Amino acid sequence: MENTKNQIRIQSDLSDSIITKKCLRQGNSLAFLLFNLALKKVVRNAGIQTSGTIFYKPVHLLAYADDIDIVARSRTALKETFLSPERAAGEMGLRINEKKTKYLATREIKIQQRYFQIKNFNFEAVQSFTYLGSLTNVNNDNSAEIKKRILMTNKGFYGLKRQFRSPFLSIKNKIKLYKTLIRPVLAYGSETWVLLKCDEVILGVF
């Protein structure tokens, strides 16, 4: 894993050797496994109870791949909870990425903050962010996510327009294309949507 040589292939051309002093190569399947093992130990060492939901306790921690989401009922609880995995991650040689970490308050705050500070960290306060491919905002409104999904699905549909119009593809294959490449884009995360009447209308139109 240390002092290995790598080369980049572009068609038939190979780049000069690149020496990797440490870590695994980008995209190596072993990297995901090792990171998940390390992250699981971080969460365990942090002493945060991951079972249950935010309805039954003041803090809830979600971890998926290299993304951690801390949901808290108060800013005090959020600060206290953040410090535990941050300390445990440091013991494993991992660091919190300050630039990629965002702070979102779902309730109205009288003083609008640009940053949320915890110790030496200054996290950007945002009105919305994308987590695991789904858009989350301060109003817990799914309408923006649904419109985003429809836009992405339209792009996918028009990208395959030639295939859908092709006389060389059967109706059966075109339906298969639609079910595997178009509809899942629209329906991604739909299990969590709370639909308003206006949302039902634009989905029906689509």
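Predicted model: local features only at pLDDT ≥ 70, side-chain atom pairs only at ≥ 80, totals over all residues.

Residues are numbered from 1 along each chain as its sequence is written, and side-chain values use heavy atoms, with hydrogens and water left out.

Select residues 102-103, which form β7, and 115-118, which form β8. Helices (H or I, at least four residues) and strands (E, at least two) are DSSP runs, numbered from the N terminus. β7 and β8 are the edge strands, each pairing on one side only; two strands pair if DSSP finds at least two bridges between them. Together the three strands make an open sheet of mixed pairing, in the order β7-β9-β8. Within it, Tyr115 stands opposite Glu124 of β9.

Next, show residues 75-91, helix α2, which lies across β7, β8 and β9 and runs at about 60 degrees to β8. Axes here are lines fitted to C-alpha atoms, for helices over the stretch in contact (heavy atoms within 4.5 Å), and angles run from 0 to 180 degrees between N-to-C directions.

**The bent helix**

Move to residues 171-187. This is α5, a helix of 17 residues that reaches 22 Å from its first C-alpha to its last, close to the 24 Å expected at 1.5 Å a residue; the expected span is 1.5 Å times one less than the number of residues. At Lys179, α5 bends by about 35 degrees, the angle between axes fitted to the seven residues ending there and the seven starting there.

Which residues of α5 are buried? They are Lys174, Leu177, Ile182 and Leu186. Buried means under 20% relative accessible area, exposed over 50%, and partly exposed in between (1.4 Å probe, protein chains only). To see what covers these residues, display α3 (143-159), α4 (161-165) and α6 (197-205), which are among the covering elements. After α5 comes Gly189, with a positive phi near 75 degrees.

**Single residues**

Select Leu37 in helix α1, residues 29-46. Leu37 is exposed, with a relative accessible area of 52%.

Most residues other than glycine have a negative phi. Gln11, not a glycine, has a positive phi of about 55 degrees; look for Gln11 in the loop between β2 (9-10) and β3 (13-14). Asn140 likewise has a positive phi of about 55 degrees and lies in the loop between β11 (134-137) and α3.
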